[in-house]
Amino acid sequence: MAKYLISFPSAAMLVPDGELEAVGRDAHAVIEEAKAAGVYVFAGGIDEGVPPVLVSADGAVAMGGYSWAPTLDGGFTVLELPSRDEAITWAARIAKACRCDQELRVFGFDPQS
């Protein structure tokens with residue numbers, strides 16, 4: 001079993017007027033299905049109202065993230081699944097619910113984490 005990150009940036013989610021409530025309902029339904037199937041790990045979205053900070057090894061805090069990196073925003077779901085094919089199936093279900101394509105990535109296994 002591997003953990004898969006299924007995600008999208010905020011800019012990808014272009015919801016027509018009047019459909020936001022349906023998107024939320026559909027997305028929550030897929031999450032409930034993942035929970036019922038026993039594959040759900042966690043899900044959520046980046047709170048774009050809270051700016052990131054960069055914390056150094058000595059504990060110093062600077063406003064903002066890495067200046068050279070793309071903005072991290074949007075929504076994500078982590079599922080634990082037996083195969084990439086199943087991950088693709090779940091990503092397609094989430095894409096349908098959210099009305100936008102999803103990026104699919106696999107977490108590297110670290111036996112000590």
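So, which residue follows H2, and is its phi positive or negative? That's Arg99, with a positive phi near 65°.

Quick caveat: this is a predicted model, where local features need pLDDT of at least 70, side-chain atom pairs count only at pLDDT 80 or more, and totals for chains, interfaces and linings use all residues. Residues are numbered from 1 along each chain as its sequence is written, and side-chain values use heavy atoms, with hydrogens and water left out.

Okay, H2 itself. Helices here are DSSP runs of H or I, at least four residues, and strands are E runs of at least two, numbered from the N terminus. H2 covers residues 84-98. Its buried residues (under 20% relative accessible area, 1.4 Å probe, protein chains only) are Ala87, Trp90, Ala91, Ile94, Ala95, Ala97 and Cys98. They sit on the same side of H2, because they cover an arc of only 160° around the axis, going by directions from the axis to the C-beta atoms. They pack against S1, H1, S5 and S6, contact being heavy atoms within 4.5 Å. The face turned away carries Asp85 and Lys96, both exposed, meaning over 50%, with partly exposed in between.

Back to Arg99. It makes a salt bridge (Lys or Arg side-chain nitrogen within 4 Å of an Asp or Glu carboxyl oxygen) with Asp26, at 2.8 Å between the closest N and O atoms. Arg99 is in the loop between H2 and S6 and Asp26 is in H1, so the pair ties together parts 73 residues apart in sequence. Arg99 is partly exposed, at 30% relative accessibility.

Definitions and conventions
Expected span 1.5 Å × (residues − 1).
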